[in-house]
Amino acid sequence: MKTNHTKPIGLFLCICCFGYAKAQESVNATGGNASGTSGSASYSIGQLVYTTNASGSGSVAQGVQHAYEIFPVGNENTNNVTITTWPNPAADILMVNLGNYNQEKLNYFMHDAAGKLVLSGELNAQQTKINTGQMASAIYFLTIINQQQNSKQSFKIIKNQ
């Protein structure tokens, strides 16, 4: 009678390998958690490597921690129009939603970090798509100006691949 010892050995090797697997681990210089009245965030300094995999339908960034910021940079008397942008980081499309929109004339201007105008246009609906697919991966500043009320609001936008 012949016995097959490969099944128990394979099971033993799988248990050993999965026992030492870890989801996210890195050697960082420092890190921690920061909190304030607006919320909390975890941070790390010294991450060495991250990888981005992209296809026609989207992208996935693999690594320990990635930047994800959504906040207005400047706000000068926006009156009753509530402006939100998403997703941020953006890949191909940036959405701009205008709450309490009353057919005001709004224009947008997107500048790179050096101040060069990259995109501009008019916001004439409650929700507008801005095509960011041809832009390079970088940090941009989106400024929305209300011509009728002489007000503006700026957002920091992160463009991914």
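The dialogue below goes from the overall chain to strands, core and single residues.

User: On what basis are the values computed?

Analyst: This is a predicted model, in which local features need pLDDT of at least 70 and side-chain atom pairs count only at pLDDT 80 or more, whereas totals for chains, interfaces and linings use all residues. Residues are numbered from 1 along each chain as its sequence is written, and side-chain values use heavy atoms, with hydrogens and water left out.

User: How many helices and strands does the protein chain have?

Analyst: Helices (H or I, at least four residues) and strands (E, at least two) are DSSP runs, numbered from the N terminus. Here the protein chain has one helix and twelve strands. Along the sequence the pattern is α-β-β-β-β-β-β-β-β-β-β-β-β.

User: What share of the protein chain counts as buried?

Analyst: Buried means under 20% relative accessible area, exposed over 50%, and partly exposed in between, with a 1.4 Å probe and protein chains only. Of the 161 residues, 22% count as buried. The chain exposes about 11200 Å², of which carbon and sulfur atoms supply 53%; this area comes from the Shrake-Rupley method with a 1.4 Å probe, and for residues only the protein chains shown count as cover.

User: Which strands form the open sheet of three, and in what order?

Analyst: Strands of a sheet pair through backbone hydrogen bonds, either parallel or antiparallel. Two strands are taken as paired if DSSP finds at least two bridges between them. In this open sheet the order is 6-7-10, with antiparallel pairing. Strand 6 (82-86) and strand 10 (127-131) each have a single partner strand, so one side of each is left without a neighbour in the sheet. Neighbouring strands of this sheet are turned by 20 degrees against each other on average, direction ignored; the axes are lines fitted to C-alpha atoms, for helices over the stretch in contact, and angles run from 0 to 180 degrees between N-to-C directions. Strand 7 (residues 93-99) is joined to strand 10 by five bridges, and V96 stands opposite T128 of strand 10.

User: Which residues of the largest nonpolar core touch the most other members?

Analyst: A nonpolar core is a set of buried Ala, Val, Leu, Ile, Met, Phe, Trp, Tyr and Cys residues joined through side-chain atoms within 4.5 Å. The largest one has 18 residues, and V96, L98, L142 and I144 touch the most other members. Strand 7, strand 8 (106-112), strand 11 and strand 12 are the elements that give two or more residues to this core. Leaving aside neighbours within four places in sequence, L98 is in contact with residues including V81, I83, L106 and L123.

User: Is N146 buried or exposed?

Analyst: N146, found in strand 11 (residues 138-146), counts as buried because its relative accessibility is 3%. Apart from residues up to four places away in sequence, N146 touches V81, E104, K105, L106 and S151. The C-alpha atoms of N146 and K105 are separated by 6.0 Å, although the two residues are 41 apart along the chain.

User: Which polar atoms does the side chain of N88 reach?

Analyst: A polar contact is a pair of N or O atoms within 3.5 Å; within protein, one must be able to donate a hydrogen and the other to accept it, and residues adjacent in sequence count only if both atoms are side-chain atoms. The side chain of N88 has a polar atom 2.9 Å from the backbone oxygen of K156 and reaches the backbone nitrogen of I158 at 2.8 Å. N88 lies in the loop between strand 6 and strand 7 and is buried, with a relative accessible area of 1%.

User: Where are cis peptide bonds found?

Analyst: One joins W86 and P87, with omega about -15 degrees. Another joins N88 and P89, with omega about 20 degrees.

Definitions and conventions
Contact means heavy atoms within 4.5 Å.
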